[in-house]
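Please look over the sequence and the 3D structure shown below. The briefing that follows is meant for a reader who is new to them.

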Amino acid sequence: MSARYQTSSQLKNAAKDKLTGKYGSAVLVTFLSSLISFAVSFLVSNIASMTETAVYAMTQQTAAVTVLSVVFFLLSLVISIVLGVFELGLSLFFLNVACGQPFSAADLFYGFQRQSNKALGVSAVFTLLNTVCLTPSQLFLELFLNTQNSAWSTGALISLGIGLTIYIPLSLSLSQTFYLMLDFPDRSARDSLKLSIRLMKGHKRRLFYIQMSFLPLILLCLLSFGIGFLWLMPYMYMTSTAFFLDLMSSPEKTEKFPTAP
(Lines give C-alpha, C1' and ligand atoms only; values in the text may rest on other atoms or scores of the structure.)
Protein backbone atom coordinates (compact mmCIF):
# COMPACT_ATOMS: atom_id res chain seq x y z
CA MET A 1 0.00 0.00 0.00
CA SER A 2 1.29 3.41 -0.92
CA ALA A 3 2.81 5.48 1.87
CA ARG A 4 0.43 8.34 1.11
CA TYR A 5 -2.33 6.42 2.91
CA GLN A 6 -2.41 6.40 6.68
CA THR A 7 -1.72 3.19 8.58
CA SER A 8 -4.19 1.53 10.93
CA SER A 9 -2.49 2.99 14.00
CA GLN A 10 -2.43 6.47 12.44
CA LEU A 11 -6.14 6.30 11.65
CA LYS A 12 -6.92 5.11 15.19
CA ASN A 13 -4.86 7.92 16.69
CA ALA A 14 -6.65 10.40 14.45
CA ALA A 15 -9.99 8.97 15.62
CA LYS A 16 -8.98 9.46 19.27
CA ASP A 17 -7.93 13.04 18.58
CA LYS A 18 -11.19 13.84 16.80
CA LEU A 19 -13.22 12.41 19.70
CA THR A 20 -11.37 14.39 22.35
CA GLY A 21 -13.94 16.48 24.22
CA LYS A 22 -16.76 14.98 22.17
CA TYR A 23 -16.83 11.40 23.43
CA GLY A 24 -19.95 11.97 25.52
CA SER A 25 -22.00 13.03 22.50
CA ALA A 26 -20.61 10.15 20.43
CA VAL A 27 -21.51 7.63 23.13
CA LEU A 28 -25.02 9.08 23.35
CA VAL A 29 -25.63 8.83 19.59
CA THR A 30 -24.30 5.29 19.17
CA PHE A 31 -26.14 4.12 22.31
CA LEU A 32 -29.38 5.70 21.14
CA SER A 33 -29.08 3.99 17.75
CA SER A 34 -28.37 0.62 19.35
CA LEU A 35 -31.16 1.04 21.91
CA ILE A 36 -33.79 1.84 19.29
CA SER A 37 -32.70 -1.04 17.07
CA PHE A 38 -32.62 -3.49 19.99
CA ALA A 39 -36.00 -2.36 21.37
CA VAL A 40 -37.76 -2.68 18.02
CA SER A 41 -36.17 -6.04 17.19
CA PHE A 42 -36.88 -7.39 20.69
CA LEU A 43 -40.52 -6.28 20.51
CA VAL A 44 -41.10 -7.87 17.10
CA SER A 45 -39.34 -11.09 18.16
CA ASN A 46 -41.52 -11.40 21.26
CA ILE A 47 -44.71 -10.64 19.36
CA ALA A 48 -43.77 -13.29 16.79
CA SER A 49 -43.02 -15.88 19.46
CA MET A 50 -46.22 -15.26 21.40
CA THR A 51 -48.35 -15.22 18.24
CA GLU A 52 -46.90 -18.49 16.94
CA THR A 53 -47.39 -20.14 20.34
CA ALA A 54 -50.99 -18.92 20.57
CA VAL A 55 -51.84 -20.04 17.02
CA TYR A 56 -50.39 -23.50 17.60
CA ALA A 57 -52.29 -23.82 20.87
CA MET A 58 -55.54 -22.99 19.08
CA THR A 59 -55.04 -24.98 15.86
CA GLN A 60 -52.47 -27.68 16.73
CA GLN A 61 -51.26 -27.29 13.15
CA THR A 62 -47.58 -26.78 12.37
CA ALA A 63 -48.47 -25.52 8.88
CA ALA A 64 -50.14 -22.43 10.34
CA VAL A 65 -47.10 -21.76 12.53
CA THR A 66 -44.79 -22.18 9.52
CA VAL A 67 -46.78 -19.61 7.54
CA LEU A 68 -46.61 -17.20 10.47
CA SER A 69 -42.87 -17.77 10.78
CA VAL A 70 -42.39 -16.81 7.12
CA VAL A 71 -44.57 -13.71 7.57
CA PHE A 72 -42.64 -12.55 10.62
CA PHE A 73 -39.33 -13.31 8.90
CA LEU A 74 -40.30 -11.05 6.00
CA LEU A 75 -41.49 -8.43 8.49
CA SER A 76 -38.14 -8.60 10.28
CA LEU A 77 -36.39 -7.98 6.95
CA VAL A 78 -38.48 -4.86 6.36
CA ILE A 79 -37.75 -3.64 9.89
CA SER A 80 -34.02 -4.29 9.42
CA ILE A 81 -34.10 -2.21 6.23
CA VAL A 82 -35.81 0.67 8.04
CA LEU A 83 -33.44 0.50 11.01
CA GLY A 84 -30.50 0.45 8.60
CA VAL A 85 -31.34 4.05 7.69
CA PHE A 86 -29.78 5.05 11.01
CA GLU A 87 -26.39 4.26 9.45
CA LEU A 88 -26.70 7.34 7.27
CA GLY A 89 -27.34 9.47 10.34
CA LEU A 90 -24.41 7.93 12.18
CA SER A 91 -22.18 8.58 9.18
CA LEU A 92 -23.30 12.22 9.15
CA PHE A 93 -22.70 12.65 12.88
CA PHE A 94 -19.15 11.28 12.77
CA LEU A 95 -18.31 13.16 9.58
CA ASN A 96 -19.45 16.37 11.22
CA VAL A 97 -17.32 15.66 14.29
CA ALA A 98 -14.29 14.69 12.20
CA CYS A 99 -14.54 17.76 9.97
CA GLY A 100 -15.17 20.23 12.78
CA GLN A 101 -18.75 20.92 11.70
CA PRO A 102 -21.73 21.44 14.05
CA PHE A 103 -23.12 18.12 15.27
CA SER A 104 -25.95 16.90 17.48
CA ALA A 105 -27.93 13.79 18.37
CA ALA A 106 -30.51 14.93 15.79
CA ASP A 107 -28.02 13.92 13.07
CA LEU A 108 -28.98 10.31 13.82
CA PHE A 109 -32.39 10.84 12.19
CA TYR A 110 -31.05 12.55 9.07
CA GLY A 111 -31.81 9.54 6.86
CA PHE A 112 -35.49 9.69 7.78
CA GLN A 113 -35.68 13.40 6.97
CA ARG A 114 -33.44 13.70 3.90
CA GLN A 115 -32.51 11.19 1.18
CA SER A 116 -34.91 8.70 2.81
CA ASN A 117 -35.69 6.78 -0.38
CA LYS A 118 -32.02 6.42 -1.27
CA ALA A 119 -31.14 5.46 2.30
CA LEU A 120 -33.83 2.77 2.29
CA GLY A 121 -32.55 1.46 -1.04
CA VAL A 122 -28.96 1.21 0.18
CA SER A 123 -30.08 -0.32 3.48
CA ALA A 124 -32.08 -2.91 1.53
CA VAL A 125 -28.93 -3.93 -0.35
CA PHE A 126 -27.00 -4.42 2.90
CA THR A 127 -29.89 -6.27 4.55
CA LEU A 128 -30.38 -8.64 1.61
CA LEU A 129 -26.63 -9.25 1.37
CA ASN A 130 -26.55 -10.13 5.06
CA THR A 131 -29.63 -12.35 4.75
CA VAL A 132 -28.51 -14.28 1.70
CA CYS A 133 -24.98 -14.86 2.99
CA LEU A 134 -25.54 -15.52 6.69
CA THR A 135 -29.10 -16.80 7.20
CA PRO A 136 -28.46 -20.34 5.84
CA SER A 137 -25.83 -21.01 8.52
CA GLN A 138 -28.21 -19.74 11.20
CA LEU A 139 -30.94 -22.08 9.98
CA PHE A 140 -28.56 -25.05 9.99
CA LEU A 141 -27.44 -24.13 13.50
CA GLU A 142 -31.05 -24.02 14.72
CA LEU A 143 -31.68 -27.45 13.22
CA PHE A 144 -28.58 -28.80 14.98
CA LEU A 145 -29.65 -27.34 18.34
CA ASN A 146 -33.13 -28.84 17.94
CA THR A 147 -32.06 -32.27 16.73
CA GLN A 148 -28.45 -32.65 17.93
CA ASN A 149 -27.74 -34.19 14.52
CA SER A 150 -24.07 -33.57 13.68
CA ALA A 151 -24.91 -33.39 9.96
CA TRP A 152 -26.65 -30.07 10.59
CA SER A 153 -23.59 -28.69 12.42
CA THR A 154 -21.44 -29.62 9.42
CA GLY A 155 -23.92 -27.85 7.17
CA ALA A 156 -23.78 -24.78 9.43
CA LEU A 157 -19.98 -24.61 9.23
CA ILE A 158 -19.89 -25.11 5.46
CA SER A 159 -22.63 -22.58 4.77
CA LEU A 160 -21.00 -20.09 7.15
CA GLY A 161 -17.67 -20.46 5.34
CA ILE A 162 -19.30 -19.96 1.94
CA GLY A 163 -21.41 -17.08 3.23
CA LEU A 164 -18.47 -15.22 4.73
CA THR A 165 -16.40 -15.75 1.58
CA ILE A 166 -19.10 -13.87 -0.33
CA TYR A 167 -20.16 -11.42 2.37
CA ILE A 168 -16.79 -10.04 3.49
CA PRO A 169 -15.43 -8.76 0.14
CA LEU A 170 -18.84 -7.44 -0.95
CA SER A 171 -19.51 -5.65 2.34
CA LEU A 172 -16.02 -4.12 2.24
CA SER A 173 -16.58 -2.92 -1.33
CA LEU A 174 -19.86 -1.25 -0.35
CA SER A 175 -18.67 0.04 3.03
CA GLN A 176 -18.27 3.69 1.95
CA THR A 177 -21.73 4.06 0.43
CA PHE A 178 -23.38 6.06 3.23
CA TYR A 179 -20.46 8.48 3.45
CA LEU A 180 -20.58 8.97 -0.32
CA MET A 181 -24.33 9.67 -0.16
CA LEU A 182 -23.49 12.60 2.11
CA ASP A 183 -20.62 13.86 -0.05
CA PHE A 184 -22.57 13.44 -3.31
CA PRO A 185 -26.26 13.96 -2.37
CA ASP A 186 -27.25 14.42 -6.03
CA ARG A 187 -26.13 10.90 -6.96
CA SER A 188 -28.65 8.03 -6.91
CA ALA A 189 -28.44 5.11 -4.51
CA ARG A 190 -27.12 2.91 -7.32
CA ASP A 191 -24.45 5.47 -8.20
CA SER A 192 -23.38 5.70 -4.56
CA LEU A 193 -23.00 1.92 -4.39
CA LYS A 194 -20.96 1.93 -7.59
CA LEU A 195 -18.79 4.80 -6.35
CA SER A 196 -18.05 2.88 -3.16
CA ILE A 197 -16.95 -0.16 -5.16
CA ARG A 198 -14.71 2.07 -7.28
CA LEU A 199 -13.28 3.91 -4.28
CA MET A 200 -12.54 0.69 -2.39
CA LYS A 201 -10.67 -0.93 -5.26
CA GLY A 202 -7.29 -1.89 -3.84
CA HIS A 203 -8.28 -0.95 -0.27
CA LYS A 204 -10.46 -3.84 0.92
CA ARG A 205 -7.58 -5.64 2.62
CA ARG A 206 -6.54 -2.47 4.40
CA LEU A 207 -10.03 -1.88 5.77
CA PHE A 208 -10.39 -5.56 6.71
CA TYR A 209 -7.12 -5.37 8.66
CA ILE A 210 -8.34 -2.23 10.47
CA GLN A 211 -11.61 -3.94 11.38
CA MET A 212 -9.84 -7.08 12.62
CA SER A 213 -7.50 -4.97 14.76
CA PHE A 214 -10.48 -4.19 17.00
CA LEU A 215 -11.03 -7.85 17.90
CA PRO A 216 -9.01 -7.74 21.17
CA LEU A 217 -11.06 -4.74 22.33
CA ILE A 218 -14.29 -6.46 21.29
CA LEU A 219 -13.35 -9.48 23.41
CA LEU A 220 -12.65 -7.22 26.38
CA CYS A 221 -16.05 -5.57 25.89
CA LEU A 222 -17.73 -8.98 25.94
CA LEU A 223 -15.98 -9.75 29.22
CA SER A 224 -17.42 -6.51 30.61
CA PHE A 225 -20.93 -7.79 29.81
CA GLY A 226 -21.16 -5.39 26.88
CA ILE A 227 -20.66 -2.20 28.88
CA GLY A 228 -17.37 -1.49 27.13
CA PHE A 229 -19.15 -1.21 23.79
CA LEU A 230 -20.43 2.20 24.92
CA TRP A 231 -16.86 3.46 24.45
CA LEU A 232 -15.71 1.12 21.71
CA MET A 233 -18.47 1.78 19.16
CA PRO A 234 -17.75 5.55 18.82
CA TYR A 235 -14.05 4.72 18.49
CA MET A 236 -14.77 2.22 15.70
CA TYR A 237 -17.14 4.56 13.89
CA MET A 238 -14.67 7.44 14.04
CA THR A 239 -11.85 5.21 12.77
CA SER A 240 -14.06 4.20 9.83
CA THR A 241 -14.76 7.88 9.19
CA ALA A 242 -11.04 8.67 9.29
CA PHE A 243 -10.49 5.85 6.80
CA PHE A 244 -13.04 7.40 4.42
CA LEU A 245 -11.52 10.85 4.72
CA ASP A 246 -8.09 9.35 4.08
CA LEU A 247 -9.38 7.73 0.88
CA MET A 248 -11.03 10.94 -0.29
CA SER A 249 -7.88 12.98 0.28
CA SER A 250 -5.86 10.80 -2.09
CA PRO A 251 -4.93 12.09 -5.57
CA GLU A 252 -6.22 8.76 -6.91
CA LYS A 253 -9.73 9.78 -5.93
CA THR A 254 -10.07 12.11 -8.92
CA GLU A 255 -9.29 9.19 -11.26
CA LYS A 256 -12.01 7.04 -9.68
CA PHE A 257 -14.72 9.69 -9.56
CA PRO A 258 -15.89 10.95 -12.95
CA THR A 259 -17.76 14.22 -13.06
CA ALA A 260 -21.45 13.75 -12.31
CA PRO A 261 -23.72 14.15 -15.32
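At what angle do helix α3 and helix α6 pack, and how far apart are their axes? Helix α3 (residues 62-83) and helix α6 (residues 116-147) pack at an angle of about 135°, with their axes 8 Å apart. This is a predicted model, in which local features need pLDDT of at least 70 and side-chain atom pairs count only at pLDDT 80 or more, while totals for chains, interfaces and linings use all residues. Residues are numbered from 1 along each chain as its sequence is written, and side-chain values use heavy atoms, with hydrogens and water left out.

- Helices (H or I, at least four residues) are DSSP runs numbered from the N terminus, and axes are lines fitted to C-alpha atoms, for helices over the stretch in contact, with angles running from 0 to 180 degrees between N-to-C directions.
- The angle makes α3 oblique to α6, given that angles under 35 degrees count as roughly parallel, over 145 as roughly antiparallel, 65 to 115 as roughly perpendicular and the rest as oblique.
- The crossing of α3 and α6 is right-handed, a term used if the near helix is turned clockwise from the far one by less than a right angle, whereas anticlockwise is left-handed.
- On the α3 side the contact (heavy atoms within 4.5 Å) is made by F73, L77, S80, I81 and V82, and on the α6 side by L120, S123, A124, T127, T131 and T135.
- This contact of α3 with α6 has six nonpolar, five polar and no charged residues, where Ala, Val, Leu, Ile, Met, Phe, Trp, Tyr, Cys and Pro count as nonpolar, Asp, Glu, Lys and Arg as charged, and the others, Gly among them, as polar.
- With 22 residues, α3 reaches 31 Å from its first C-alpha to its last, close to the 32 Å expected at 1.5 Å a residue, the expected span being 1.5 Å times one less than the number of residues.
- The buried residues of α3 are V65, L68, F72, L77, I79, I81 and L83, and they pack against α2 (23-59), α4 and α6; buried means under 20% relative accessible area, exposed over 50% and partly exposed in between, with a 1.4 Å probe and protein chains only.

**Helix α4**

- Helix α4 (residues 86-98) has 13 residues and reaches 18 Å from its first C-alpha to its last, close to the 18 Å expected.
- Helix α4 is mostly covered, as 12 of its 13 residues are buried, including F86, L88, F93 and N96.
- After α4 comes G100, whose phi is positive, near 70°.

**S192 in helix α9**

- S192 is found in helix α9 (residues 189-199) and counts as buried because its relative accessibility is 1%.
- Not counting residues up to four places away in sequence, S192 touches T177, L180, M181 and R187.

Methods
Helix = DSSP H or I, 4+ residues; strand = E, 2+ residues; numbered from the N terminus.
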